Amino acid sequence: MAVLYDPFVWLGEMSGMQRRRRALLARAHGRVLEIGAGTGLNVAHYPADVDDLVLAEPEPGMRRKLARRLRRPAQIVDARAERLPLADSSVDTVVSTLVLCTVADPERALREIARVLRPDGQLLFIEHVRAGTRFHAACQDMLSRPWRGFAGGCMCNRPTLDLLRACGFTVTADDAVWRGMPAIVHPLKIGRATNG
Ligand SMILES: C[S@@+](CC[C@H](N)C(=O)[O-])C[C@H]1O[C@@H](n2cnc3c(N)ncnc32)[C@H](O)[C@@H]1O
């Protein structure tokens with residue numbers, strides 16, 4: 001996964017994802033935690049004045065690539081989103097890009113995010129979600145098993161925004177298309193969620 005990830009998403013990054021990362025992360029402030037930081041495709045886009053940057057990533061191969069890409073002070077931690085080694089109400093901004101599709105227990109991860117966020121904190125996200133049309137969603141359901149095996153556990157048919165709302169988050173999001181990537185990971189939702 002760590003070896004193939006950057007080449008696999010390269011076309012998508014060049015076709016708009018890089019620009020979307022930059023626009024989203026311009027809104028990060030204070031103490032920032034990124035979950036599932038992967039190979040570090042977000043790190044160049046954080047504002048220089050964030051107080052503290054914690055990059056959580058459970059896969060050792062991904063962490064090695066992340067460390068090589070890092071050009072700024074940041075702490076890399078070995079952690080899954082379901083169990084974050086951070087105190088309650090200690091983070092201003094949590095970032096999740098293309099991660100909530102992959103976490104094994106998304107409800108638990110969302111509870112952890114809610115726990116570490118300060119009351120006025122925010123979750124910034126870019127996530128692909130279950131399609132809105134019946135035909136497209138049925139294709140995702142049919143292909144979810146082989147895709148999951150191919151794409152490191154990614155659940156292409158996960159209704160992530162519904163899960164966020166069910167876990168008590170208030171969500172605002174824009175629709176987008178992850179150009180340069182297969183339709184199975186369309187549509188994208190890009191936005192912000194707050195506790196309560
Ligand atoms: C599709 S990649 C996205 C990487 C990066 N966030 C990006 O935008 O390019 C998914 C990442 O989530 C990580 N991951 C898998 N299970 C996780 C979990 N339970 N908690 C946090 N991260 C997880 C994977 O190791 C991988 O780095």
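A residue counts as buried when its relative accessible area is under 20%, as exposed when that area is over 50%, and as partly exposed in between, using a 1.4 Å probe and protein chains only. The structure is a predicted model, in which local features need pLDDT of at least 70 and side-chain atom pairs count only at pLDDT 80 or more, while totals for chains, interfaces and linings use all residues. Residues are numbered from 1 along each chain as its sequence is written, and side-chain values use heavy atoms, with hydrogens and water left out.

Let's begin with helix H1, residues 2–25; helices (H or I, at least four residues) and strands (E, at least two) are DSSP runs, numbered from the N terminus. A straight helix of 24 residues would span 34 Å at 1.5 Å a residue, the expected span being 1.5 Å times one less than the number of residues. H1 spans only 23 Å between its end C-alpha atoms. There is also a kink of about 80° in H1, centred on Glu 13; the bend at a residue is the angle between axes fitted to the seven residues ending there and the seven starting there.

Glu 13 is itself one of the buried residues of H1, a set that also includes Tyr 5, Val 9 and Arg 20. The buried residues of H1 pack against helix H2 (60–69) and strands S4 (91–97), S5 (117–128), S6 (169–176) and S7 (188–195).

Strand S4 holds Asp 92, which is buried, with a relative accessible area of 14%. What does the side chain of Asp 92 make a polar contact with? Its partner is the side chain of Arg 118, at 2.9 Å; a polar contact is a pair of N or O atoms within 3.5 Å, where, within protein, one must be able to donate a hydrogen and the other to accept it, and residues adjacent in sequence count only if both atoms are side-chain atoms.

Now for some backbone geometry. Most residues other than glycine have a negative phi, and most peptide bonds are trans. Leu 98, in the loop between S4 and helix H3 (106–116), has a positive phi of about 60° although it is not a glycine. Ser 89, in the loop between strand S3 (75–77) and S4, likewise has a positive phi, of about 50°, but Ser 89 is partly exposed, at 37% relative accessible area. A cis peptide bond joins His 186 and Pro 187, with omega about -5°, and Pro 187 sits in the loop between S6 and S7.

How values were computed. Contact means heavy atoms within 4.5 Å.
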